[in-house]
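I opened the notebook to record what I looked up, one entry at a time. The entries follow the order in which I checked things.

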Amino acid sequence: MRLLKFIGWALTHPIDFLKALFLPGWAHNVTILLVMQHADNRMRFRIGRSLFTLFRTGMVADEEPGYEINAQVKGSHEVTREFAKRTNGVALGSIGENLLGMPTTAHILGGAPIGKNADEGLVDESFAVHNYEGLYIIDGSIMPANPGVNPSLTITALAEYAMSKVQSKK
Ligand SMILES: Cc1cc2nc3c(=O)[nH]c(=O)nc-3n(C[C@H](O)[C@H](O)[C@H](O)COP(=O)(O)OP(=O)(O)OC[C@H]3O[C@@H](n4cnc5c(N)ncnc54)[C@H](O)[C@@H]3O)c2cc1C
């Protein structure tokens, strides 16, 4: 349905369509609105084959039942349309999310939960792996929740916190 609507729009607004996709100096003339959310969404990763790995062995993402990810963030389309109206622009979304309903992220976080012991989590509160002395996990996988914003500074702060807990050699 969305795809048909898009084709209909492209046919009835050919200049806007061509300008939005093939305008010279595209990077200078385009504003990208990145919309994030706090929702506790999840996906699973496994080594396998899919259309996206061209059926070769690679990393494949699956939905986790009960935590399905919505391809559209509430309010984002309204904000984008309003922004386009005020800047005399053309509102467009990503092909994967908006036309194919496939959610995307550049912020893959979690997977190594923090817990008091090996039954409750993989690492302790200093990010040392339970029962493996001297082994630490210090990256985005120990993020306990979705911050809803760009995560790299939080990951860096957590890494600094972990290092502050390591005893210096005498
Ligand atoms: C396109 C894109 C744009 C982004 N934009 C932003 C942004 O604007 N702001 C922001 O805050 N965040 C942004 N992020 C997210 C941010 O980059 C990540 O959340 C962050 O880098 C994750 O840090 P990390 O240390 O967990 O993993 P990474 O930074 O991915 O580090 C993992 C490292 O491990 C190495 N590695 C992997 N496998 C092995 C192996 N077997 N042996 C040895 N080394 C290995 C990799 O080469 C890599 O250097 C963006 C991400 C993407 C993909």
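Before placing any residue, I noted that helices (H or I, at least four residues) and strands (E, at least two) are DSSP runs, numbered from the N terminus. With that in hand I looked up Tyr-67, and found it in the loop between strand E2 (58-63) and H4. The model I am reading is a predicted one.

Entry on Tyr-67. Is Tyr-67 buried or exposed? Tyr-67 has 12 other C-beta atoms within 10 Å, so it is exposed. I then set aside its neighbours within four places in sequence and listed its contacts, which are Asp-40, Asn-41 and Arg-42. I also looked up Phe-83, which is 16 residues from Tyr-67 in sequence. In space the two are 31 Å apart, C-alpha to C-alpha.

Entry on confidence. I looked up the pLDDT of the protein chain and found an average of 90. A score of at least 70 is reached by 100% of the residues. Where is confidence lowest, and where is it highest? The lowest mean, 82, belongs to helix H5 (residues 95-99). The highest, 96, belongs to helix H6 (residues 152-164).

Entry on domains. I noted that the protein chain is divided into domain 1 (2-99) and domain 2 (107-170). Their C-alpha centres lie 32 Å apart.

Entry on Phe-45. I found Phe-45 in strand E1 (residues 43-48). I counted it as exposed because it has 11 C-beta neighbours inside 10 Å. Beyond its neighbours within four places in sequence, Phe-45 is in contact with Met-59 and Ala-61. I also checked Phe-45 against Gly-111: they are 66 residues apart in sequence, and their C-alpha atoms are 10.0 Å apart in space.

Entry on H6. I wanted to know what span H6 should have. At 1.5 Å a residue, its 13 residues should span 18 Å, and the end C-alpha atoms are 18 Å apart, so the two agree. I then looked at how H6 is covered, and the answer is hardly: the count of buried residues among its 13 residues is 0.

Entry on the ligand. Which residues surround the ligand? I wrote down Ala-106, His-107, Asp-139, Gly-140, Asn-150, Pro-151, Ser-152 and Ile-155. I sorted this shell by type and got 3 nonpolar, 4 polar and 1 charged.

Entry on positive phi. I looked up two asparagines.
- Asn-88 has a phi near 55°, a positive value in a residue other than glycine. It sits in the loop between helix H4 (76-86) and H5. With 6 other C-beta atoms within 10 Å, Asn-88 is exposed.
- Asn-131 has a positive phi of about 70°, although it is not a glycine. I found Asn-131 in the loop between H5 and H6. It has 8 other C-beta atoms within 10 Å and is therefore exposed.

Entry on Pro-147. I found Pro-147 in the loop between H5 and H6. Its 15 C-beta neighbours inside 10 Å make it partly exposed. I compared its place with that of Leu-109: they are 38 residues apart in sequence and 9.6 Å apart in space, C-alpha to C-alpha.

Definitions and conventions
Residues are numbered from 1 along each chain as its sequence is written. This is a predicted model: local features need pLDDT of at least 70, side-chain atom pairs count only at pLDDT 80 or more; totals for chains, interfaces and linings use all residues. Domain bounds come from an automatic or database domain assignment. pLDDT is the predictor's confidence in each residue, from 0 to 100. A residue is buried if 20 or more other C-beta atoms lie within 10 Å of its own, exposed if 12 or fewer, and partly exposed in between; C-beta atoms are placed from the backbone. Two residues are in contact if their C-beta atoms, placed from the backbone, lie within 7 Å. The expected span of a helix is 1.5 Å times one less than its number of residues. A residue is near a molecule or strand if its C-beta atom, placed from the backbone, lies within 6 Å of it. Ala, Val, Leu, Ile, Met, Phe, Trp, Tyr, Cys and Pro count as nonpolar, Asp, Glu, Lys and Arg as charged, and the others, Gly among them, as polar.
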